[in-house]
Amino acid sequence: MMVLLNNWDTFKKNNRVLHNKESGEDQYTVTDVGATLGAVGGFGRHRSKNDVQDFERQRFVRKVDKDGKVKFDYDLKPKGFGLISMVYPPYFFRQRKATNAMQKVPADHAAWIGSQLAQLSDNQLRDTFRAAGYDRTTTENYVRALRGWINELNRLRDAELASRQRRVR
């Protein structure tokens, strides 16, 4: 989900799985999405927050490698001037680790979340942006971009199903 929203300010503490002792269920929580809906980039590269034009220009899925891992267009590694961040190793290594983690997502996992998100109608997506106070044009642009990315995830599911069928034959 953080890749889908182009969140470039990922902290482990902001994305947790909490176990509810009463229900026995796991609850996935996200507590900070302030650096989303713009361009992803490591320190020293172009990145933005809440910029629909930057969001629309981003690519999403680059490819699926031979091991079945999705390679997203999601790179938080510091570049250029941003390499000065090496003077604070915790930041540098956290960004590198976040980038690497997002390049190891199994295609079937990405396809699963795509299948869940595909259940949302465009009107439901619009409602989220309207509730946040976005104007109609910005809302439509975000919805169009998100629907395209959700469709990309669903194509991964379709490719996975076709691959399984070929193996069964």
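In this predicted model, Lys13 is found in the segment before strand 1, which spans 15-19. The residue is exposed, with a relative accessible area of 54%. Lys13 also belongs to a positive surface patch.

The structure holds 6 salt bridges. Three of them are described here, including one within helix 1.

In that bridge, Arg57 pairs with Asp54. The closest N and O atoms are 2.5 Å apart. Both residues belong to helix 1 (residues 52-57), where they stand 3 residues apart. That spacing means that about one helical turn separates them. An α-helix has 3.6 residues a turn, so residues three or four places apart point the same way. Arg57 is exposed, at a relative accessible area of 61%. Asp54, in contrast, is buried, at 6%. Buried here means under 20% relative accessible area, and exposed means over 50%.

A second bridge involves helix 1 as well. Here the side chains of Arg144 and Glu56 meet, with an N to O distance of 3.7 Å. Arg144 lies in helix 5 (residues 136-168), whereas Glu56 lies in helix 1, so this pair ties together parts that are 88 residues apart in sequence. Glu56 counts as partly exposed, with 32% relative accessibility.

Helix 5 takes part in a further bridge, this time through Arg147. Its partner is Asp122, and the closest N and O atoms of the pair are 2.7 Å apart. Asp122 lies in helix 4 (residues 122-131) and Arg147 in helix 5, so the bridge ties together parts that are 25 residues apart in sequence. Asp122 is partly exposed, at 29% relative accessibility. Arg147 counts as buried, at 16%.

Burial also marks one side of helix 3 (residues 107-117). The buried residues of this helix are Ala107, Ala110, Ala111, Gly114, Ser115 and Leu117. They cover an arc of only 160 degrees around the axis, and therefore lie on the same side of helix 3.

Key
Residues are numbered from 1 along each chain as its sequence is written. This is a predicted model: local features need pLDDT of at least 70, side-chain atom pairs count only at pLDDT 80 or more; totals for chains, interfaces and linings use all residues. Side-chain values use heavy atoms; hydrogens and water are left out. Patches are made of residues with over 30% relative accessible area and no salt bridge: like charges are joined within 9 Å, nonpolar side chains (Val, Leu, Ile, Met, Phe, Trp, Tyr) within 5 Å. Accessible areas come from the Shrake-Rupley method with a 1.4 Å probe; for residues, only the protein chains shown count as cover. A salt bridge is a side-chain nitrogen of Lys or Arg within 4 Å of a carboxyl oxygen of Asp or Glu. Lys and Arg count as positive and Asp and Glu as negative; His and the chain ends are not counted. The place of a charge is taken as NZ of Lys, CZ of Arg, CG of Asp or CD of Glu. Helices (H or I, at least four residues) and strands (E, at least two) are DSSP runs, numbered from the N terminus. Buried means under 20% relative accessible area, exposed over 50%, partly exposed in between (1.4 Å probe, protein chains only). The arc is that of the directions from the helix axis to the C-beta atoms.
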